[in-house]
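Please read the sequence and the model below together. The paragraphs that follow take up helix packing, the ligand site and some backbone details.

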Amino acid sequence: MCGIVGIASRTPFSASMLLGRLKRLEYRGYDSFGYYDGREIKKHVGNIRVEGRGLTRTGISHTRWATHGGVTEPNAHPHAACDRSVVAVHNGIIENFEDLKRVLVRKGHRFASETDSEVISHFVEEGLKTKPIRSVLADLMKSISGTFAALIMLEGRNEIYAVKRDSPLVLGVSKDLTVVASDIYAFSDLTTEAAFFENDEIAEITAGGYAFFDGRGRAVAKPLRKFDLQPEPALRRAHKHYMLKEILEEPAAVDRLLFSLANDQKPEFDELIRLMRRAKKIIFASCGTSYHASLLGAYFLHRVGVENQTLIASEFRHFANVDRDTLVLALSQSGETMDVIDSLNYARECGGRLVSLVNVPYSTIQRMSGLSLNLLAGQEVCVASTKAFVSQAAFMLRIAQEFGFRVNLANLADRIRGLLRKREQIRGIAETFAPARDLYVIGRGLTYPVAREIALKIKEISYIHAEGMMGGELKHGTIALIEKGTPVISVINTNDPDIISNTKEVEARGAVTIPITNNPAVWRRPRAVAVRTDNDGKFGILAAVAGQLMAYYAADKLGRPIDKPRNLAKSVTVK
Ligand code: AGP
């Protein structure tokens with residue numbers, strides 16, 4: 001996964017303007033970056049540094065998450081053709097690049113990188129020998145199999161050409177400039193008007209505007225749409241990391257969502273409930289943290305007798321039976337996760353009805369859904385999803401409430417605030433397990449999804465091997481790994497005797513247990529995190545917040561690069 005940004009402006013701008021936009025996409029990839037300003041290509045390995053003087057009116061840039069070829073300067077984008085007359089940046093994977101490259105090499109092209117992306121600039125260079133640019137781009141789209149959002153510049157010209165299939169691409173327009181990027185966050189401080197690319201579209205972008213074409217060169221009307229993002233502070237300012245800042249924003253995010261569901265998004269929310277009541281089958285589709293939120297929702301709904309199933313999107317087509325009476329509800333922070341998009345495509349082919357909840361307005365998942373609601377959690381900069389999870393879980397609880405789940409959501413934000421005030425105590429606990437190599441998180445029923453989510457956060461941020469599992473499964477094998485001193489976080493809901501007995505089981509084998517619990521009888525135990533609520537729906541959410549803080553403080557103690565953990569991406573548009 002990578003991020004791309006291009007700007008065409010009436011007034012000159014410096015590279016730092018381009019890189020400032022790119023920095024907002026750093027969550028999409030951050031092993032190397034580069035830009036082209038019409039004169040020279042600059043590439044660097046490492047995090048984006050917002051610097052660069054020389055003025056230009058047109059430029060393209062790229063932040064990379066390596067897939068084809070190691071993390072090196074030659075592999076960083078942009079990639080130039082042999083005579084540097086064509087320069088391109090690309091997000092996606094060109095599956096047939098080896099075939100295309102072979103043909104181009106036979107025609108005399110010399111490649112400078114190991115990437116699949118470099119074929120784009122050579123292909124265009126070759127095509128321009130005989131055809132105009134628009135036909136060359138149409139040929140390019142026909143020839144590539146795979147996914148792409150690519151920006152192309154021709155030497156000496158002030159246009160940017162864009163092509164897209166499956167990888168996200170959006171265009172923003174302000175008075176003086178046109179900007180094209182992987183998502184609207186890249187330019188949400190510059191404009192509130194955007195045009196969204198559909199698959200197999202080509203755009204010609206200039207400072208004065210844009211023109212869209214389909215693969216046959218026919219003009220496509222593309223109206224601008226207004227978008228409204230919550231103002232996001234550009235800097236994490238008072239907080240050491242975005243992750244902590246975003247956890248602390250959870251109460252506000254929850255309040256905003258619940259207010260919106262009762263006011264501006266009420267018609268959509270009512271429609272969702274109506275569709276759920278009518279559907280013969282309800283299936284959730286999501287990945288990672290969003291999957292854990294949907295699993296929590298599946299539990300809430302089962303408690304009130306609503307049959308439903310939740311599937312990890314990458315396995316969706318293998319386990320889902322979708323038909324015309326099936327409602328498929330996708331949960332995604334980014335709205336761009338390729339596995340979720342694939343499941344929705346599959347569900348649509350089977351005749352299912354698509355609905356979604358996303359945090360990024362106008363994202364691909366939102367646009368492909370018949371009905372889509374906004375999570376309104378505000379931008380998540382940290383790769384580890386925290387406030388989006390809490391808002392997703394609150395949304396699930398709100399849905400379950402419609403079906404009879406008893407919960408007072410009015411004080412949920414306050415309860416989260418109360419827990420956040422305990423963060424120094426939680427830091428102390430996290431620092432005790434930070435040196436561990438392996439750790440287990442156990443839960444049952446309501447607390448099983450929470451255990452999975454806490455373990456994911458710990459793995460992702462602290463790089464401690466953490467397994468989140470059903471307490472009941474311990475005895476079927478995993479208990480063999482519990483030895484003297486193994487930390488086990490146990491998420492204990494009130495008087496659930498089963499999880500209490502699982503906790504005793506691991507203690508009997510020498511585990512150091514860390515209870516997160518709303519059971520007052522356990523609060524006095526060493527390392528216990530007391531969660532004050534007797535509603536188990538809210539307990540699930542609050543326990544996850546305690547786990548997020550544990551993951552954060554353990555990682556901080558270990559000096560991990562918290563906002564950008566290695567090997568994991570925020571939204572997995574990996575193709
Ligand atoms: C969570 O911390 C991760 N970054 C990851 O599991 C994420 O939740 C997953 O990739 C799904 O992303 P989405 O919500 O944007 O679809």
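This is a predicted model. From helix 3, Ile-120, Phe-123, Val-124 and Gly-127 take part in the contact, and they meet Ile-133, Val-136, Leu-137, Asp-139, Leu-140 and Ser-143 of helix 4. Sorted by class, this contact comprises 7 nonpolar, 2 polar and 1 charged residues.

The crossing of helix 15 and helix 18 is right-handed. Helix 15 contributes Thr-447, Val-450, Ile-454, Lys-457, Ile-458, Ile-461 and Ser-462 to the contact. The residues on the helix 18 side are Phe-539, Gly-540, Ala-543, Ala-544, Gly-547, Gln-548, Ala-551, Ala-554 and Ala-555. By class, 10 residues in the contact of helix 15 with helix 18 are nonpolar, 5 are polar and 1 is charged.

The ligand is next. It is surrounded by 17 residues, and the closest are Ser-290, Ser-332, Ser-334, Thr-337 and Glu-460. Ser-332 places a polar side-chain atom 2.7 Å from an oxygen atom of the ligand. The backbone also takes part: a backbone N or O atom of Thr-289 lies 3.1 Å from a ligand oxygen atom, and a polar backbone atom of Val-383 is 2.9 Å from a ligand nitrogen atom.

Two places in the backbone remain. Most peptide bonds are trans, and most residues other than glycine have a negative phi. The bond joining His-77 and Pro-78 is a cis peptide bond, with omega about 0°. Pro-78 sits in the loop between strand 4 (55–64) and strand 5 (79–80). The other place is Asp-200, a residue other than glycine with a positive phi, near 60°. Asp-200 belongs to the loop between strand 11 (193–196) and strand 12 (201–206).

Technical notes: Residues are numbered from 1 along each chain as its sequence is written. This is a predicted model: local features need pLDDT of at least 70, side-chain atom pairs count only at pLDDT 80 or more; totals for chains, interfaces and linings use all residues. Side-chain values use heavy atoms; hydrogens and water are left out. Contact means heavy atoms within 4.5 Å. Helices (H or I, at least four residues) and strands (E, at least two) are DSSP runs, numbered from the N terminus. Ala, Val, Leu, Ile, Met, Phe, Trp, Tyr, Cys and Pro count as nonpolar, Asp, Glu, Lys and Arg as charged, and the others, Gly among them, as polar. A residue is near a molecule or strand if one of its heavy atoms lies within 4 Å of it. A polar contact is a pair of N or O atoms within 3.5 Å; within protein, one must be able to donate a hydrogen and the other to accept it, and residues adjacent in sequence count only if both atoms are side-chain atoms. A crossing is left-handed if the near helix is turned anticlockwise from the far one by less than a right angle, and right-handed if clockwise.
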